[in-house]
Amino acid sequence: MIKTTSVLLVRQTLTACALLLMSFVSDAQAQVWEGTVGKSPVVMTLDPAAAKPSGEYFYRKHRHGIELSGTRAADGSIALEEWTRGPDAGSGRAHWQLASITVDTLTGEWIGSDKRLPIRLRRVAAATLPETGDPALAELRANDPYRFMQLHGMTLKADKLETVGDYRLQWPRSGIELFRVVSGYPAAKLPAINLSLARKQWQEVQSYLDCTASSMSDHESSATLRYIGRDALSVSLFASYYCGGAHPDFGDGPINLDAHTGRELALEDVLWLGKGTPPLYGDGNNQVWFDYRTKFFAPWVAEQMRKLYPEDVAGRSEDECSYDMSEFWDFPTWYITAKGVYIGAIFPRVGRMCDNPEWSILPWSLVDKHHGAVRIEP
C-alpha cells in the first residue's frame, strides 16, 4: 500500500519540501539519463557541465530518490557522493566516478563499502518518453521528465463511490486517499477540478517516495473532505511521518480549490484584510506577503479568536495550550468549512501538539466582510 505525505507551510521554513522542477530547455539545466548501475536499471537527473554537479537518481525497482552532489576535476571527470535521509545518512555513503562524459553518454563506476559496479547511462530524449492518459502526468512529461519517469507506471486504481449531498466522489483503491469528482459540478468544470486533485495526488506519491528512501522511515496519511459546494472544495491531507533526522513529524496540508476554475486557492484569495491586489507567496512579492502576514494578518486573527473563543484561546488549565500570541497565527493551516474558514494555529516544534485546534473557525459572517477575489457562498 502506498502512503503519502503533505507539503507543510510553517514559520520556520516557508519553502521546505518544495518540488524541484527540471526541464530540457537548455544544456545549462539538469538533463535526464537512464541506464544501469551494475545490472540494476536506474534513472538520473544531472547537468554534467555544471561547475558543481548535483542531481538525483532512483533505482527503477523501488523509485526512491537518492541525492547526488560532487565536484568536477580538471580533466572533466566528475566525482559524486550519495546522500540519503535517516540516522545512518552520514556514514558509508557510496560514490560515483564518471570518467567518460559525452553529449549522449555517461560511463564510470559506482563505489560502495565492499563492491564496485560499472555505470552506463545514456541521455533521454524528450520525444522518446512514453505517452500517458493521465493529464497530471502529461504535465510532468512536458515540464519535468525526471519526475515523470519516477512516477510513470504506477497506478491509481478507482474504487468506492461516495455521495456527499449533490456530489459523487470516486476514491482510490490504494492507500493514497484523494478522490476525483465524478458529478455534481457542470461537466465542463470537472476536468480542471480533477486535474488539480491529480496533481496533488502525484505530489503526495513523490513526497512518499522521497521520505521513504531511508530504511528507517515511516509514513502514514489520510484525507478528509472538509467542504464541497458550488464555489469551493477543501480537503485535509494529514500525514505523520519519519523521514530521518532527530524527530518524527506530523501535520495537515489541505488543498483548497476554486470550483469554478479548478485553481488552487491561496488564503488571501478567500480572506483579504488589505486593499487592492493581495501579495501572494511566490509571485515575486515574498517580503510584502511576509510583512502582511506577520504584522497585520496574524494580530487581526489573534484578536478575532480572543473575541470568538476566549476560553479556548486562554487555555482552561496549566496543561492546556494558550493561543494568545499572534505569531501562532501568521502562517496557519487553513481550509473551508460549512461554518466558515478554519484557521489552524502553528507552534514551534516544542509545542507541536498544540497545532490545529478544532475550534478555530472564522464564521462566514466575519469572512464575508473581508472576502478576497473569491467570494464563497456556503
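Student: Where does Gln201 lie?

Tutor: Gln201 is in helix H3. Keep in mind that this is a predicted model.

Student: What makes Gln201 buried or exposed?

Tutor: Its relative accessible area decides. Gln201 has 2%, and buried means under 20%. Therefore Gln201 is buried.

Student: Which residues is Gln201 in contact with, leaving aside its neighbours within four places in sequence?

Tutor: Leu156, Pro172, Ile176, Leu178 and Arg180. Contact requires heavy atoms within 4.5 Å. Leu156 is 45 residues from Gln201 in sequence, and their C-alpha atoms are 9.3 Å apart.

Student: H3 also meets H1. Why are H1 and H3 called roughly perpendicular?

Tutor: Take the angle between the axes. The axes of H1 (residues 135-143) and H3 cross at roughly 65 degrees and come within 8 Å. The range for roughly perpendicular is 65 to 115. The pair therefore counts as roughly perpendicular.

Student: Which residues make that contact?

Tutor: H1 brings Pro135, Ala136, Leu137 and Glu139. H3 brings Leu195, Ala198, Arg199 and Trp202. By class, the contact has 6 nonpolar, no polar and 2 charged residues.

Student: Why is Cys243 called buried?

Tutor: Its relative accessible area is 15%. The limit is under 20%. So Cys243 is buried. Cys211 is buried as well.

Student: How many disulfides are there by this rule?

Tutor: The count is 2 disulfides. The other one to inspect joins Cys321 to Cys354, with an S to S distance of 1.9 Å. That value also lies within 2.5 Å. The torsion about the S-S bond of Cys321 and Cys354 is about -75 degrees, so this disulfide is left-handed too.

Student: Why does the Cys321 and Cys354 pair tie together parts that are apart in sequence?

Tutor: Look at the loops. Cys321 lies between H6 (310-314) and S16, and Cys354 between S17 and S18 (361-363), so the pair ties together parts 33 residues apart in sequence. Cys354 has 14% relative accessibility, so Cys354 counts as buried. With bonded cysteines counted along the chain, the pattern is 1-2, 3-4.

Student: Which residues is Tyr323 in contact with, leaving aside its neighbours within four places in sequence?

Tutor: Cys354 is one of them. Others include Asp312, Val313, Phe328, Trp329 and Trp359.

Student: Which residues touch the most other members of the largest nonpolar core?

Tutor: Tyr323, Trp329 and Ile343, in a core of 34 residues. H4 (267-270), H5 (286-308), S16 (333-336), S17 (340-344) and H7 (364-367) each supply at least two residues of this core. H5 gives the most, with 7 residues. A second, separate core has 20 residues, among them Val124, Ala136, Leu195 and Leu209.

Student: What makes Asn356 stand out in phi?

Tutor: Its phi is positive, about 50 degrees, and Asn356 is not a glycine. Most residues other than glycine have a negative phi. Asn356 sits in the loop between S17 and S18.

Student: Why is Asn356 called partly exposed?

Tutor: Its relative accessibility is 22%. Buried requires under 20%, and exposed over 50%. Asn356 therefore counts as partly exposed.

Student: What is the phi of Arg63?

Tutor: Near 70 degrees, a positive value in a residue other than glycine. Arg63 is in the loop between S3 (54-59) and S4 (66-72). At 19% relative accessibility Arg63 counts as buried, because the cut-off is under 20%.

Technical notes: Residues are numbered from 1 along each chain as its sequence is written. This is a predicted model: local features need pLDDT of at least 70, side-chain atom pairs count only at pLDDT 80 or more; totals for chains, interfaces and linings use all residues. Side-chain values use heavy atoms; hydrogens and water are left out. A nonpolar core is a set of buried Ala, Val, Leu, Ile, Met, Phe, Trp, Tyr and Cys residues joined through side-chain atoms within 4.5 Å. Buried means under 20% relative accessible area, exposed over 50%, partly exposed in between (1.4 Å probe, protein chains only). Helices (H or I, at least four residues) and strands (E, at least two) are DSSP runs, numbered from the N terminus. Axes are lines fitted to C-alpha atoms, for helices over the stretch in contact, and angles run from 0 to 180 degrees between N-to-C directions. Angles under 35 degrees count as roughly parallel, over 145 as roughly antiparallel, 65 to 115 as roughly perpendicular and the rest as oblique. Ala, Val, Leu, Ile, Met, Phe, Trp, Tyr, Cys and Pro count as nonpolar, Asp, Glu, Lys and Arg as charged, and the others, Gly among them, as polar.
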